[in-house]
Amino acid sequence: VSRFAAAFSGRAWSTGLSTEFETHLHLQIDENLRAGMTEREARRAALDKLGTPALGVEAYRERMSWPWLDTLVRDVRYGLRSLGRTPSFALIAILTLALGIGANTAMFSVIYAALLRPLPFPKPDELLVLRERGMMTDPVAESPVSPRNFLDWQATNKSFASMAAFRQQSWNLGVTDGRSRPERIHGTICSYTLFPTLGVRPLIGRNFTAGEDKKGGPFVALISYDFWQTRYGGDAGVTHRTVRLDGQDYSIIGVMPPGFTYPANDTVVWTPLLESVSTEGRGNHQLYAVARLRSGATRERAQAEMNLIAKNILSSEPNALSARTIGLHPLAEYVRKDSRVMLLTLLAAVACL
């Protein structure tokens, strides 16, 4: 405590030490004079023995305080005095520091949320995005997945515990209460395996079933938590109500947890996939596929197996517009790839500031 306090004691500390050293110096001089020395010789001998008071004070300060803290306090005091003499420069310096600190803090918060924070799914490292590769002349060009190919991948693979497909969709939200106005909303049509693959369960109600995710299946929908609150007032009986999309009434079977909007931030509704897409032929490339690795499986093994499945599809249908190989990407990298370069560039800019 005394070492810490010494850094803030200012001149009182130095004055007290200097007085004490001067007292010892004069006592030694008096002793030397009594020994028969001249005044000049007595002072020189005393200084040789005790040292100069100024050096003694500094040596004692270093032993009885933290020099680095003492230096820091002195520098801060000097800086404040300098700023006080030039208020315009002080104002510019303060504003620059505030801008720099604020920009860096805000930018790092965005970087953490967008690039560093783990995905909000259980075991996110097991999740992979699947893309068709090499359909045209470019062997590495990747494309979305056709529904027919997705169904074959899902049925024949052994490396994945679960596989799902989805596509973003927009609807005209119809009026059901006679008071609201129609509006355009964004959502997703997805296979019934999407939420089990991601490891997410509805907060209220249930997930889609295989019987609902097929041609001729019932019109059902899941809604987001925010949509439930704003459109239905958080009604606990919302699973007995409907939502009208493009003139068709969909029975609401559940509400997703707060904050869940995958695959886009503006997603408010999810409906079954196979009810609304064609599985005839392999040329309708419109879906995004995501899969979770089976326990013990590796990405390399899954890659080899999916390439073999693609090869078998082309062998059986040589004229099909289908992939020669399959691209597998970690979901975390894939959802962040478009923003990574821009965000890192902005981070470098504010770091320079």
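Colleague: Is aspartate 246 buried, partly exposed or exposed?
Modeller: Happy to start there, bearing in mind that this is a predicted model. Aspartate 246 sits in the loop between β7 and β8. Buried would need under 20% relative accessible area and exposed over 50%. At 45% relative accessibility, aspartate 246 therefore counts as partly exposed.

Colleague: What is phi of aspartate 246 near?
Modeller: Most residues other than glycine have a negative phi. Aspartate 246 has a positive value instead, near 50 degrees.

Colleague: Lysine 123 interests me too; is this residue buried or exposed?
Modeller: Lysine 123 belongs to the loop between α6 and β1 (127-133). Its phi is positive, near 45 degrees, in a residue other than glycine. Because its relative accessibility is 59%, lysine 123 counts as exposed.

Colleague: And asparagine 149, is that one buried or exposed?
Modeller: Asparagine 149 is part of helix α7 (residues 147-156). Leaving aside residues up to four places away in sequence, asparagine 149 touches Glu132, Arg282, His285, Ile313 and Ser322. Its relative accessible area is 0%, so asparagine 149 is buried.

Colleague: Let's turn to helix α9; why do its buried residues line one face?
Modeller: Helix α9 covers residues 225-232, and its buried residues are Phe227, Trp228 and Tyr232. They line one face because, seen down the axis of α9, they fall within an arc of 105 degrees.

Colleague: Which residues are exposed on the other side of α9?
Modeller: The buried residues of α9 pack against the strands β3 (160-173), β5 (204-205), β6 (220-223), β7 (242-245), β8 (248-255) and β9 (267-272). On the other side of the helix, the exposed residues are Asp226 and Thr230.

Colleague: Which residue follows α9, and what is its phi near?
Modeller: Tyr232 is among the buried residues of α9, a helix that runs over residues 225-232. After the helix comes glycine 233, with a positive phi near 65 degrees.

Colleague: At roughly what angle do the axes of α5 and α6 cross?
Modeller: Leu83, Gly84 and Arg85 of α5 make the contact with Pro87, Phe89 and Ala90 of α6. By class, this contact has four nonpolar, one polar and one charged residues. The axes of α5 (residues 67-85) and α6 come within 5 Å, and they cross at roughly 120 degrees.

Colleague: Which element gives the most to the lining of the largest pocket?
Modeller: The largest pocket holds about 930 Å³ of space. Elements giving two or more residues to its lining are α6 (87-116), β3, β10 (288-293) and α11 (331-352). With seven residues, the element that gives the most is α11.

Colleague: How many charged residues does the lining of the largest pocket have?
Modeller: In total, 27 residues line the largest pocket. By class, 18 of the lining residues are nonpolar and five are polar, while the number of charged ones is four.

Colleague: Which residue does a cis peptide bond join to tyrosine 262?
Modeller: Most peptide bonds are trans. Tyrosine 262 takes part in a cis one, with omega about 15 degrees. Tyr262 and Pro263 are also among the lining residues nearest the centre of the largest pocket.

Notes
Residues numbered from 1 in each chain as written. Predicted model: local features only at pLDDT ≥ 70, side-chain atom pairs only at ≥ 80, totals over all residues. Heavy atoms only, no water. Buried < 20%, exposed > 50% of the residue type's maximum accessible area, 1.4 Å probe, protein only. Helix = DSSP H or I, 4+ residues; strand = E, 2+ residues; numbered from the N terminus. Arc of directions from axis to C-beta. Contact = heavy atoms within 4.5 Å. 1 Å grid on protein atoms, 1.4 Å probe; cavity = no way out; pocket = protein on both sides within 12 Å on 5 of 7 lines; lining within 4 Å. Points joined across faces, edges and corners; volume = space filled by probe spheres on them. Nonpolar A, V, L, I, M, F, W, Y, C, P; charged D, E, K, R; others polar. Axes fitted to C-alpha atoms, helices over the stretch in contact; angles between N-to-C directions.
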